[in-house]
Amino acid sequence: MSAPLDVSLALARGGFRLEARFTAPAAGVTAVFGPSGAGKTTLLRAIVGLERARGRVAVGEEVWQDDAAGRIIPVHRRGVGYVAQEPALLEHLTVAGNLRYAARRIRGGRAPEEAARLAGITGLLRRRPHTLSGGERRRAALARALVAARTLLVLDEPFAGLDAPAREALLADLAGLVRALGVPVLLVTHELGEAVRLASHLVYVERGRVLAGGPLPDLLARADLPLARREDAGAVLEAEVAAWDEAEGLTALRAGGLMLHVAGRHGAPGERLRVRVLARDVSLALDPPGRTSILNVLPATVAEVHEDPVGPCVLVALDCGGPRLLARITRRSLRRLGIVPGLRVHAQIKAVAVVAP
Amino acid sequence: MSPDDLQALGTTLRLALASTLVLLVLGTPLAWWLARTRSRLRPAVEALVALPLVLPPTVLGFYLLLLLGEGGPLGPFWARLGGGLAFTFEGLVVASVLYSLPFVAQPLQGAFEAIGERPLEAAATLGAGPVDRFFTVALPLARRGLLTAATLGFAHTVGEFGVVLLVGGSIPGETRVLSIAIYEHVEALDYASAHRVAALLLAFSFAVLAVVYGLRRRR
């Protein structure tokens with residue numbers, strides 16, 4: 001498959017150096033993830049063209065920047081929808097005026113009416129920006145970006161500063177919206193949960209460098225990345241609803257070759273969803289646990305053991321005959337059970353979270 | 001007011017209007033440049049623009065008289081054009097523009113700086129080129145600064161005296177403005193006429209400043 005978004009940029013400013021190379025797929029969300037101060041915003045601004053970095057940026061057939069060939073297309077001809085961390089609406093225009101501003105100048109984006117509907121702001125069109133709440137501003141800026149996004153949509157921390165209900169509502173709307181969008185989406189976030197919920201791809205940035213990039217489930221299943229040292233590290237599996245057991249109130253999910261049961265009803269049989277199994281919720285046993293309250297016990301093979309240089313725990317990557325799982329266990333358990341790569345174990349999964357329908 | 005004073009009022013208004021228009025046309029791009037440039041020339045240009053604030057008007061008037069007159073260093077140039085600008089209405093406009101420039105450029109520069117980069121960057125991502133951004137984002141967002149600048153430029157031109165006296169003299173219908181009229185009435189000990197004109201200028205200046213400060217309060 002070709003890589004429709006192809007980025008290779010370098011920039012030095014003060015003591016900060018950005019050196020980023022990655023590709024992202026033509027459709028769907030690529031989360032640019034990393035700790036605060038990693039240079040995520042600078043990287044995005046450089047891709048959009050608001051920051052002058054050296055290198056090359058190509059989106060599909062369009063080459064936006066290629067310093068080796070002396071080529072640079074100015075921001076206003078790129079057709080990129082950009083929602084900054086603090087969205088800058090044009091304060092002298094109404095919300096509708098903001099959408100029309102983009103529609104008059106960019107051909108090939110979305111119609112203002114449709115964008116307003118998708119972003120859920122049809123009731124705000126006549127308002128002035130300074131009368132909007134934080135969440136409403138975010139949505140207005142999102143609608144405006146949808147009008148402008150002919151080639152790429154870029155969202156910089158779209159949930160920052162929103163209260164929990166506004167955040168949840170926007171997250172749900174975005175999840176539905178990005179699937180239908182025909183252009184690649186770059187989402188900057190430092191919340192892994194947001195990335196898991198929205199993104200199919202992940203680019204992990206730390207100190208100005210892209211440490212890894214690829215399909216999100218692949219990256220999260222790796223034990224060697226800094227990602228795995230996070231408290232909320234864990235595998236993300238693409239699953240399909242196999243059955244709904246009405247009597248017991250359990251949904252059976254098939255993920256690769258393995259079967260998982262989760263409490264409550266999720267989706268309809270055949271529907272695809274994404275589940276997250278945190279490493280701290282997976283424990284290991286050498287013998288099949290005879291009598292246990294844990295629903296999901298899977299036979300697995302230890303693929304990799306990754307030491308954490310600081311903590312008392314280690315990360316164990318498990319092969320479950322399909323997707324990989326991560327388990328976080330103490331160093332003492334590792335020693336006592338004699339866990340080494342190749343060993344057959346039983347993974348006891350204490351919790352499975354369904355993250356995206 | 002006497003017919004002479006009414007004529008002076010007309011000249012004053014014409015001068016102020018012409019100067020304000022020229023000031024806005026020249027001062028707006030200058031202020032835009034000052035607000036956004038990273039050039040090392042910026043402090044020098046800012047100092048030049050601000051000079052009329054601290055110089056005695058007679059200093060500016062004296063040099064302008066030399067530069068605009070046929071006897072000065074540009075004499076041959078003016079001779080070829082058919083006469084210098086000293087003691088003409090046009091010469092007064094040139095002098096007023098220089099003299100009132102800080103009153104127009106500074107509020108405009110402040111207004112442009114207050115906009116910040118973000119709305120302009122947003123407009124760029126929405127497909128607006130640099131010139132488009134200036135007219136559809138920068139100017140509308142700086143509109144109150146623009147209004148303040150125009151009002152101050154106009155009022156300050158109405159109130160000038162020293163520069164006008166040196167560059168324009170007092171030619172009725174051409175360069176005799178209200179401030180000169182007051183001066184002449186006082187010289188002639190005609191305090192009643194001086195009062196009428198002076199009170200008019202006082203009331204006008206107060207009204208202008210009240211409007212400017214009123215605008216500043218509103219959102």
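Guide: Let us begin with domains, whose bounds come from an automatic or database domain assignment. In chain A the assignment gives domain 1 (5–223) and domain 2 (234–356). The C-alpha centres of domain 1 of chain A and domain 2 of chain A lie 33 Å apart. This is a predicted model, in which local features need pLDDT of at least 70 and side-chain atom pairs count only at pLDDT 80 or more, while totals for chains, interfaces and linings use all residues. Residues are numbered from 1 along each chain as its sequence is written, and chains are lettered from A and ligands numbered from 1 in the order in which they are written.

Visitor: How many residues does each domain of chain A bring to the contact between them?

Guide: Two residues are in contact if their C-beta atoms, placed from the backbone, lie within 7 Å. By that criterion, eight residues of domain 1 of chain A and 14 residues of domain 2 of chain A take part. Helices (H or I, at least four residues) and strands (E, at least two) are DSSP runs, numbered from the N terminus. On the side of domain 1 of chain A that touches domain 2 of chain A, α6 (192–198) and α7 (216–220) of chain A each supply at least two residues; α7(A) gives the most, with three residues.

Visitor: Into which classes do the residues on that side of domain 1 of chain A divide?

Guide: The classes are nonpolar (Ala, Val, Leu, Ile, Met, Phe, Trp, Tyr, Cys and Pro), charged (Asp, Glu, Lys and Arg) and polar (the others, Gly among them). The side of domain 1 of chain A that touches domain 2 of chain A has seven nonpolar residues, no polar residues and one charged residue.

Visitor: Which elements of chain A supply the side that touches chain B?

Guide: In this interface, 17 residues of chain A are in contact with 14 residues of chain B. β7 (80–83), α2 (95–105) and α4 (134–148) of chain A each supply at least two residues of the chain A side, and α2(A) gives the most, with three residues. By class, that side of chain A has twelve nonpolar, two polar and three charged residues.

Visitor: How is the overall form of chain A described?

Guide: The radius of gyration is taken over C-alpha atoms, and the globule rule is 2.2 Å times the number of residues to the power 0.38. For 357 residues a compact globule would have a radius of gyration near 21 Å, and chain A, with 22 Å, agrees. The C-alpha trace of chain A spans about 70 × 50 × 35 Å along its principal axes. Chain A holds eight helices and 21 strands.

Visitor: What share of chain A counts as buried?

Guide: A residue is buried if 20 or more other C-beta atoms lie within 10 Å of its own, exposed if 12 or fewer, and partly exposed in between, with C-beta atoms placed from the backbone. Of the 357 residues of chain A, 43% are buried. Helix α1 (residues 40–48) of chain A is largely enclosed by the rest of the structure, because eight of its nine residues are buried. Among them are Lys40(A), Arg45(A) and Ile47(A). Just after α1(A), Gly49(A) takes a positive phi of about 110°.

Visitor: Which strand does β18 (residues 313–319) of chain A pair with, and in which sense?

Guide: Two strands pair if DSSP finds at least two bridges between them. β18(A) and β19 (residues 324–330) of chain A pair in the antiparallel sense over seven bridges. Arg324(A) in β19(A) is the bridge partner of Asp319(A). The hairpin has four residues between the strands, and there Gly321(A) takes a positive phi near 70°. Six of the seven residues of β19(A) are buried, so this strand is largely enclosed by the rest of the structure.

Visitor: Which residues touch the most other members of the largest nonpolar core?

Guide: In soluble globular proteins, nonpolar side chains tend to be buried together. A nonpolar core is a set of buried Ala, Val, Leu, Ile, Met, Phe, Trp, Tyr and Cys residues joined through C-beta atoms within 7 Å. In the largest, with 167 residues, those touching the most other members include Ala31(A), Leu325(A) and Val167(B). Helix α5 (residues 89–115) of chain B gives the most to this core, with 13 residues. Each of domain 1 and domain 2 of chain A contributes at least three residues to this core. Leaving aside neighbours within four places in sequence, the contacts of Leu325(A) include Val277(A), Leu318(A) and Ala347(A).
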